[in-house]
Amino acid sequence: MDQISDIDEERINSIIEEAEVNYKTGRFEDAAKNFEYLSGKMLDHKFFEDMIYFTYRSLTARKRINDIPTIVKNLQTLGLNVLKISTYLASEYLNKTLVYEEKTELLWVAQKNLELLGENEQRKQ
């Protein structure tokens with residue numbers, strides 16, 4: 001979490017601790033909400049692996065209380081976010097690589113992602 005300001009980092013660490021305590025003491029819904037908040041913060045700061053981890057933790061907490069409707073919605077959100085992240089990372093790398101084969105493959109992936117996301121105007125660009 002190198003790019004998060006000191007204030008955010010303290011708050012995030014506090015919420016991580018709270019989420020862990022909530023999970024360990026059986027307050028799974030509270031833990032899930034904490035992990036969902038953390039997942040959103042990680043996405044905002046482009047810490048994508050952390051976003052996926054906290055989403056996973058949220059899903060496991062919700063599974064403990066059998067909250068299937070929220071699990072389904074969170075999985076859908078995760079899927080959409082992963083497509084967006086994949087497109088973002090492909091675009092970032094396209095600007096750095098000089099290898100034609102890599103550029104071609106990444107353009108194909110980005111185009112397919114945008115098609116799945118329904119972003120036809122951006123796809124054409």
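Tyr88 counts as partly exposed at 31% relative accessibility, where buried means under 20% relative accessible area, exposed means over 50%, and partly exposed covers what lies in between, with a 1.4 Å probe and protein chains only. The model is a predicted one, in which local features need pLDDT of at least 70 and side-chain atom pairs count only at pLDDT 80 or more, while totals for chains, interfaces and linings use all residues. Residues are numbered from 1 along each chain as its sequence is written, and side-chain values use heavy atoms, with hydrogens and water left out.

A search of the whole structure finds 4 aromatic pairs, a term for rings of Phe, Tyr and Trp (its six-membered ring) whose centres lie within 6.5 Å, with planes under 30 degrees apart counted as stacked, over 60 as edge-to-face and the rest as tilted. One of these is the edge-to-face pair of Phe48 and Tyr88, with 5.9 Å from centre to centre and 70° between the planes. This pair links distant parts of the chain, since Phe48 belongs to helix H3 and Tyr88 to helix H4, 40 residues apart; helices here are DSSP runs (H or I, at least four residues), numbered from the N terminus. Phe48, at 12% relative accessibility, counts as buried. Another edge-to-face pair is formed by Tyr53 and Phe54, at 5.3 Å centre to centre and with 65° between the planes. Tyr53 is partly exposed, with a relative accessible area of 38%, whereas Phe54 counts as buried at 7% relative accessibility. Ring pairs also join Phe35, Tyr53 and Phe54 into a cluster.

Phe54 sits in helix H3 and, not counting residues up to four places away in sequence, touches Ile16, Phe35, Leu38, Ser39 and Met42, where contact means heavy atoms within 4.5 Å. Phe35, Leu38, Met42 and Phe54 are the members that touch the most other members of the largest nonpolar core, which has 17 residues; such a core is a set of buried Ala, Val, Leu, Ile, Met, Phe, Trp, Tyr and Cys residues joined through side-chain atoms within 4.5 Å. At least two residues of this core come from each of helix H1 (6-24), helix H2 (28-44), helix H3 (48-64) and helix H4 (68-94), and the largest share, 6 residues, is that of H2. Leu38 is in contact with Ile12, Ile15, Ile16 and Phe54, leaving aside its neighbours within four places in sequence. Ser39, found in helix H2, counts as buried at 8% relative accessibility, and its contacts, apart from residues up to four places away in sequence, are Met51, Phe54 and Thr55.

What covers the buried residues of H4? The cover includes H2, H3 and helix H5 (100-117). The buried residues of H4 include Thr70, Asn74, Leu78 and Leu83. H4 has 27 residues and reaches 39 Å from its first C-alpha to its last, close to the 39 Å expected at 1.5 Å a residue, the expected span being 1.5 Å times one less than the number of residues. In the loop between H4 and H5 lies Asn95, which is exposed, with a relative accessible area of 68%.

The charged side chains complete the picture. The structure holds 5 salt bridges, each being a side-chain nitrogen of Lys or Arg within 4 Å of a carboxyl oxygen of Asp or Glu. In one of them Arg57 pairs with Glu20, the closest N and O atoms being 2.8 Å apart, and this pair links distant parts of the chain, with Arg57 in helix H3 and Glu20 in helix H1, 37 residues apart. Arg57 is buried, with a relative accessible area of 11%, while Glu20 is partly exposed, at 22%. Arg62 forms a salt bridge with Glu36, with 2.7 Å between the closest N and O atoms; because Arg62 lies in helix H3 and Glu36 in helix H2, the pair ties together parts that are 26 residues apart in sequence. Arg62 counts as buried at 5% relative accessibility, as does Asp67 at 18%, whereas Glu36 is partly exposed, with a relative accessible area of 26%.
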